[in-house]
Amino acid sequence: MEIVILAVVMLLLLLLIKEVIQPLHALISVMFSFLLFSMLFSALLLPFIKQLLETLAFLPYAKAVVVSASLFYIGQWVSMLLIEQNYKVLGNIVNDGVKIVILGYWFKEFLAVLQEVSAILQRLN
């Protein structure tokens, strides 16, 4: 509930800043967005991810899927924020960068499985 109240207060402050100090509105709105997102991430998303990982601990790749989805979601949010501030090229770079990080993470997982399969095949020979 306190996050909703804080979001309303931030909205009111942004409206005030937009009316009084127009040139600083974009800068302050981006700062408020990151502050609100960090609060949402630490208060809601991080505990949810931890609980989800504890619940799905018996699945072999649950952690990788949850980490990938979380990174993708955060990357999409930052990319959208940059695109809305007319930095479309930077937004696309962030989006592609997050996808490369996710592929690198999965490549490490795939490499470990591939080494295990290779060891099993060598034992069979």
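User: Where does UniProt place the feature "transmembrane region"?
Analyst: The unreviewed UniProt entry places that feature at residues 28–49 and 61–83. Please keep in mind that the structure shown here is a predicted model.

User: What does the chain look like over residues 28–49?
Analyst: That stretch is 100% helix and 0% strand. Its end C-alpha atoms lie 29 Å apart.

User: And how much helix is there over residues 61–83?
Analyst: Residues 61–83 are 96% helix, with 0% strand. Here the end C-alpha atoms are 32 Å apart.

User: Let us step back. How many helices and strands does the chain have?
Analyst: There are four helices and zero strands. Along the sequence, the pattern reads α-α-α-α.

User: Is the chain spread out or compact?
Analyst: The chain is more spread out than a compact globule, because its radius of gyration is 21 Å, well over the 14 Å that the globule rule gives for 125 residues. Along the principal axes, the C-alpha atoms fill a box of roughly 75 × 35 × 10 Å.

User: How much of it is buried?
Analyst: Of the 125 residues, 19% count as buried. The chain exposes about 9400 Å², and carbon and sulfur atoms supply 73% of that area.

User: Which residues make up the largest nonpolar core?
Analyst: That core has five residues, namely Met 10, Leu 14, Ile 17, Ile 28 and Phe 32. Helix 1 (2–20) and helix 2 (25–55) each supply at least two of its residues. Helix 1 gives the most, with three residues.

User: What does Met 10 touch?
Analyst: Leaving aside residues up to four places away in sequence, Met 10 touches Phe 32, Leu 35 and Leu 36. Phe 32 is itself one of the core residues.

User: What are its contacts?
Analyst: Ser 29 touches Leu 14 and Gln 85, not counting residues up to four places away in sequence. Leu 14 belongs to the largest nonpolar core.

User: Moving on to Asn 86, where is it found?
Analyst: Asn 86 is found in the loop between helix 3 and helix 4. Its phi is near 65°, a positive value in a residue other than glycine. Asn 86 counts as exposed, at 69% relative accessibility.

User: What is the reach of helix 4?
Analyst: Helix 4 has 37 residues and reaches 53 Å from its first C-alpha to its last. That is close to the 54 Å expected at 1.5 Å a residue.

User: Which residues of helix 4 are buried, and which helix do they pack against?
Analyst: The buried residues of helix 4 are Gly 91, Asn 95, Val 98 and Ile 102. They pack against helix 3 (62–84).

User: One more residue. Is Gln 122 buried or exposed?
Analyst: Gln 122 is exposed, with a relative accessible area of 60%. This glutamine lies in helix 4 (residues 88–124).

User: How far apart are Gln 122 and Lys 99?
Analyst: Gln 122 and Lys 99 are 23 residues apart in sequence and 34 Å apart in space, C-alpha to C-alpha.

Conventions
Residues are numbered from 1 along each chain as its sequence is written. This is a predicted model: local features need pLDDT of at least 70, side-chain atom pairs count only at pLDDT 80 or more; totals for chains, interfaces and linings use all residues. Side-chain values use heavy atoms; hydrogens and water are left out. UniProt positions are given in the numbering used here, feature names are shortened, and annotations may be inferred rather than shown by experiment. Buried means under 20% relative accessible area, exposed over 50%, partly exposed in between (1.4 Å probe, protein chains only). A nonpolar core is a set of buried Ala, Val, Leu, Ile, Met, Phe, Trp, Tyr and Cys residues joined through side-chain atoms within 4.5 Å. Contact means heavy atoms within 4.5 Å. The expected span of a helix is 1.5 Å times one less than its number of residues. The radius of gyration is taken over C-alpha atoms; the globule rule is 2.2 Å times the number of residues to the power 0.38. Accessible areas come from the Shrake-Rupley method with a 1.4 Å probe; for residues, only the protein chains shown count as cover.
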